[in-house]
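Subject: Structure handover

Hi,

Here is the structure I promised to pass on to you.

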Amino acid sequence: MTLENFINIFDELELVNKGEELDREVTKPYCCDLLSIAMSKMPQGAAWVTVMANVNTLAVASLTDAACIILAEGCNFDEASLEKAKEKGITILRSHMPVFECALMIYKKLNG
Amino acid sequence: MNERITLKYDVHCDDFTRAGEASSSVKRKLKLMGVNPDVIRKVAIALYEGEINMVIHSYGGTIEVIISPSVIEMILRDTGPGIKDIELAMQAGYSTAPDNIRSLGFGAGMGLPNIKKYTDDLKIESEMGIGTTLRMLVYIPLEE
């Protein structure tokens, strides 16, 4: 599924920032809040579901080639981080769902 | 790509908003140069972990990245407290990072182990009260 389709298909996810490379493939959901583990284990093109919302989350997403960040549990970036996300062209969505339920929903859609 | 390219960056201690800028910049440049994506990923991860280590533990330092056709060399030099026991620091899970660092999502004791995992060669020199230098190599495989 392309990132463009991904953004449009979920009513449950609120679009926070529409980034660049919207024709890229979203491969699978990935869950982790510990950045060092996410850094070493995140698959390319991941839809990264996390509650860790700081500027380092953006760096990790960008360096590991995640397709997008999905903030669960109603978490949100502060203004400075959002500016950075816009600058880096990183797509961000958010949800009030818990991490597991959010990732499961994505998994079902990507594999359904 | 035949020539050697050297990139230099400054890293400032405790500046988490700018941590990752060197790694991102190197990643972008390697992508533009058409370097193998697996190589780019290894370099980006190792460099970011090194950069974060400098931000957390050192008083600041420099990163030098030398890109040549067959290898990428990264030299991270910092002034700082140094690493007391390098063997211990290399163990996954061992960390001396304070709680405020952990709340940012770091400090899991994965930094040096990740660097080791994603580089083809790693040398650490550290002197207590002076600083630490990491030299890491990532080889670029010949295109088939």
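Predicted model: local features only at pLDDT ≥ 70, side-chain atom pairs only at ≥ 80, totals over all residues.

Chain B as a whole

Chain B holds 5 helices and 5 strands, and their order along the sequence is β-α-α-β-β-α-α-α-β-β. Its radius of gyration is 15 Å, close to the 15 Å from the globule rule for 144 residues, so chain B is as compact as a globular protein of that length. The C-alpha trace of chain B spans about 45 × 30 × 25 Å along its principal axes. As for burial, 35% of the 144 residues of chain B count as buried. If you take the contacts in chain B between residues at least 6 apart in sequence, 62% of them join residues at least 24 apart.

Helix H1 of chain B

H1(B) runs over residues 21-32, which makes 12 residues. From first C-alpha to last it reaches 17 Å, close to the 16 Å expected at 1.5 Å a residue. Which residues of H1(B) are buried? They are Ala22(B), Ser23(B), Val26(B), Lys27(B) and Leu30(B). These residues lie on the same side of H1(B), because the arc they cover around the axis is only 130°.

What covers the buried residues of H1(B) comes from both chains: it includes helix H3 (55-63) of chain A, and from chain B strand S1 (5-12), helix H2 (37-57) and strand S2 (60-67). Just after H1(B), you will find Gly34(B) with a positive phi of about 75°.

Where the chains meet

The contact between the chains takes 14 residues from chain A and 19 residues from chain B. On the side of chain A that touches chain B, the elements giving two or more residues are helix H2 (35-41) and H3 of chain A. Sorted by class, that side of chain A has 8 nonpolar, 5 polar and 1 charged residues.

The core

The largest nonpolar core has 69 residues, and those with the most contacts inside it are Ala47(A), Trp48(A) and Ile70(A). H2(B) supplies the largest share of this core, with 11 residues. Leaving aside neighbours within four places in sequence, the contacts of Ala47(A) are Phe6(A), Val26(A), Pro29(A), Ala67(A), Cys68(A), Ile70(A) and Ile106(A).

Best wishes

Technical notes. Residues numbered from 1 in each chain as written. Chains lettered and ligands numbered in written order. Helix = DSSP H or I, 4+ residues; strand = E, 2+ residues; numbered from the N terminus. Expected span 1.5 Å × (residues − 1). Buried ≥ 20, exposed ≤ 12 C-beta atoms within 10 Å, placed from the backbone. Arc of directions from axis to C-beta. Contact = placed C-beta atoms within 7 Å. Rg over C-alpha atoms; globule rule 2.2 N^0.38 Å. Nonpolar A, V, L, I, M, F, W, Y, C, P; charged D, E, K, R; others polar. Core = buried A, V, L, I, M, F, W, Y, C linked by C-beta atoms within 7 Å.
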